[in-house]
Every structure is written in C-alpha cells, then in structure tokens.
Amino acid sequence: PRFQDRALSCVGVGCASALVGNTESSNGRISTAYIALSTLRMGTTVWEVKLENSDEILSTDKRSRGIEEAVVSNLVLASMIQHREELGQDEYDSMIKEILDKDGDELTVQSYKVTGSNGRSNTQDCSPAAGARQIIQGDANIVSILPVLQNIKNDDSSQSFQMETALADGENPFQNDVIIVPGSYNPPHHGHVGLANAAVAALRQMRRTEEKECNEVSSSSKMLRSRYSSLESFSTSSSSSSALKNLWDTVDKYEYDPTVLFEMSVTNADKPPLDPSEVERRVSFFPTLSDMPKDWGVILTNAPLFSQKTSLLDEVCSSSPFSNRKMTFVLGTDTFVRIINPKYYNNSVENMIDALVQMKEKGVHFIVGGRLEQTESGSKKFINGEEEVKSLPVHVQEMFTLLTEEEFRLDVSSTEIRKQTEEQK
C-alpha cells in the first residue's frame, strides 16, 4: 500500500477466543473472546466478549459451538464497520444487540491511545503547527504531515483535504526507495510538483532497468547451476510451485509509484527556526496544487544540512530490493551546484568527495532538474549541471541523474511568486 494508506488507513485486526458451546463439559465454563483493532495513529481498541452459558439456561436454548463462532465472527466484522463508518450510538447499539441477543451476553470496550516515542498522544493537536512545535522543542526530528479527506460525497469535486500531522520519527511507515524533495516552500508551486513528477518518472525507469538486470543475472546463475545439477533432467514445469512462481514473475514488483515526500526543515543553520504558524501557512498550500504525485506527503525535519537529512532518513528508510538506494533527493540545478562546491567543505575537493561518498554509502541518490539561464549575449541556455558532474570521479557521478530539458525545465520560482503577490497587493 501507499505511504498515505499505511499511515492513515491501514488497520490491523486480531481475535483470540475460548469457546465452549453446548457440550456436556461446558457446565460452569464461559465462552470468551478478545477482538483487537489497531491503527498507527489512533492506537488499539479491544473488545472483550463473554457469551451467556449459565447452567440456568435450558440445554436447547444454549448456543452450539458453531453458532458461538458465528457470533464472534460477526463481532469482528462489527468492530471493523464501527471503525470505518463511525456509527452513531443508537445505530451501534442496535448492531451489537442484534449479534449479542441473549440477556447474559457481555461486551466491554477499551481504547488504548498511541503515545509515541516523543510522548505526544495522537489524540492531541494534529495541525502542521503542532508538528513544527515538536521539531522546535526537540520532541521529534521527523514529523510527517498528510492530506486527510474531510468530507466524502459522491461528487468528487466537493471533496476537500486538510493537512494533518500523522507520525513522528521511526513511527513513520516509509516505503523503500523514497523520493525527497527539499525546499523552503514559500510558497510551494507547480514547479515543485512538476519536478517531483519528473523525478517519479525517472526513478520508475531506473527501477525497471535495475529489475531487468537483476532478473538477467538471476537467470544466468540458474542456468549455470543447472548445467552441473544432478537433477538437470527433473522438470518442475507442471508443479504447483512452478505455476505460482510463473504467476509471481508476471507481477511488477514496482507497480506502485515511489512515495514523494516534500521536506521542509523547520530549523536553520544560522537563523532562528520557522514560526509554527508560518510552517502551517506554507503547508496549507499543498492540497490546493493540481497534478500532485499519486503518493505524497510533507515531512518537517530538524535537518537544515544535507548531511543531517541523510543521517535522519537513513534510520527510517529501507533500501530498494534491486539496489542499495534508500532515498533519492530531488534538486534544482542551483542547489546541486552548491552541494558539489568545495567552498562548503572547507575549500577542500577531497572533503567534498568524502562527504558525497558517505552519502552514497547510506543509499543516497540525486535527481537534478534544470532551468533556463540567460547568457552574456542575452540568449537563454538550458543548464542542468552536466558540466559540473563531469568534474567528479566516476563512482560519484553515478549518484546523479540529470533530467534533460524534455523531461523537465523550471521556469518559475517561489521568489518570483512572492514578488508577484506583493505587487498585486
């Protein structure tokens, strides 16, 4: 499932029961069941069930073992319905009474709310500003913020989303091989979205190439082993395991698009942290943008430097099944040029190379989007860092994927948008 689904919608349901039924050995024993329903954000709800089975009930009126199993099964379904539909009290009571239809039946419901490693209960303020305060106060280093559907109607045009704080640090169920788009997002605009979508397409193509190469190596290895195998003549083409394998091989292991996380550092290396209200203002623009990636979210971090970003994300991201890549940072050309500028590494090329190699060992990759630059003659030229990459060692060049002008070109900036907004006031 998508990161959004894993964080907001996935539900774990479990049931354990000790059912007696209407048997000679059931006298004095009570049939019990425990149903637990758990989500990452809201915690766990436990239903404790006791089914009437007293000696005072006539044998013909007691439930059989099969009927007790049906009752518990229906209660499992009822717990899921209640979670999804959030039934009103009258409707909920009616549903339960229809299932537990004997006077002695008992149902006790207890809720255990999630309190994460940061000590904050998920029932508290879920605004982006609250997430920013977690970062500023040192309660968390990564806070995810996701679009939550506010109203569900048949007419999709009436649906609205609100950005809400979801999970912090290691509680986040990040998919492997995520895309990180760092920025200040003041404000976020269609250029950010376009770059993210171009990165999704590029990474999807990289994954397919890696998967194909991995499969070719695996196939060659199997052929080599079979040449010397004493079971060479044994055919498994008709076996069920072979059929299942052939079916699995037809599944695209990367049929889902990579998760895109728009990353904003709340703290700054040489400035005060952003005010939580300002963070909320910037984040609130994201649901208004069109053509967003299929699976996206915003993460607030306590990591103004790239070395800090990679260290934090290295702890919560898993690598690609076909490479050691864990995370792909998506950058504009200007940011990319700064990353490989020795000026930011004590004017040492060696330090710069060492820093990049350390990032590579943590599974870091970069996708760079280009822009138009005005030349001295007044004409415009597309630049994407191609010349700068050539100056790097080959093993470092492998860390960078440069998008062509056909794949993406940035013609707008947050600075220009802010300037236009000020002029219109």
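Tyrosine 185 lies in the loop between β7 and α5. The model is a predicted one. In it, tyrosine 185 has a positive phi of about 55 degrees, although this residue is not a glycine. Its relative accessibility is 1%, so tyrosine 185 counts as buried, the limit being under 20%. The loop between β7 (178-182) and α5 (190-227) also holds proline 187. The peptide bond from asparagine 186 to proline 187 is cis, with omega near 0 degrees.

A positive phi also occurs at aspartate 291, where the angle is near 60 degrees in a residue other than glycine. Aspartate 291 sits in the loop between α7 and β9. Its relative accessibility is 62%, so aspartate 291 counts as exposed, for which the limit is over 50%.

The chain as a whole was examined next. Its secondary structure comprises 13 helices and 14 strands. Of the 425 residues, 41% are buried. Among contacts between residues at least 6 apart in sequence, 71% join residues at least 24 apart.

Strand pairing was then traced. Strand β2 (residues 31-39) pairs with strand β3 (residues 43-51) through nine bridges, in the antiparallel sense. The two strands β2 and β3 form a hairpin, with three residues between them. Serine 31 has leucine 51 of β3 as its bridge partner. Strand β3 also pairs with β4 (residues 106-112), again antiparallel, over seven bridges. Here lysine 50 stands opposite glutamate 106 of β4.

Strands β5 (residues 142-149) and β6 run antiparallel and are joined by six bridges. Leucine 149 has phenylalanine 161 of β6 as its bridge partner. Six of the eight residues of β6 (residues 161-168) are buried, so this strand is largely enclosed by the rest of the structure.

Helix α7 (residues 276-283) has Pro276, Glu278, Val279, Arg282 and Val283 as its buried residues. These residues cover an arc of only 160 degrees around the axis, which puts them on the same side of α7. Their cover includes β5 and β6. It also includes α4 (128-136), β8 (260-265) and β9 (296-301).

Nonpolar packing was considered as well. In soluble globular proteins, nonpolar side chains tend to be buried together. The largest nonpolar core has 37 residues. Phe174, Leu313, Phe329, Leu356, Phe366 and Phe400 touch the most other members. Helix α10 (residues 349-361) contributes the largest share of this core, five residues. Another core, of 35 residues, lies apart from it and has Ala199, Val200, Val298 and Leu300 among its members.

Leaving aside residues up to four places away in sequence, phenylalanine 329 touches Ile180, Pro182, Phe306, Lys309, Thr310, Leu313, Val364, His365, Phe366 and Ile367.

The structure holds zero disulfides. Cysteine 214 has a relative accessible area of 33%, so this residue is partly exposed. Cysteine 317 has a relative accessible area of 6%, so this residue is buried.

Key. Residues numbered from 1 in each chain as written. Predicted model: local features only at pLDDT ≥ 70, side-chain atom pairs only at ≥ 80, totals over all residues. Heavy atoms only, no water. Buried < 20%, exposed > 50% of the residue type's maximum accessible area, 1.4 Å probe, protein only. Helix = DSSP H or I, 4+ residues; strand = E, 2+ residues; numbered from the N terminus. Pairing = 2+ DSSP bridges. Arc of directions from axis to C-beta. Contact = heavy atoms within 4.5 Å. Core = buried A, V, L, I, M, F, W, Y, C linked by side-chain atoms within 4.5 Å. Disulfide = S-S within 2.5 Å.
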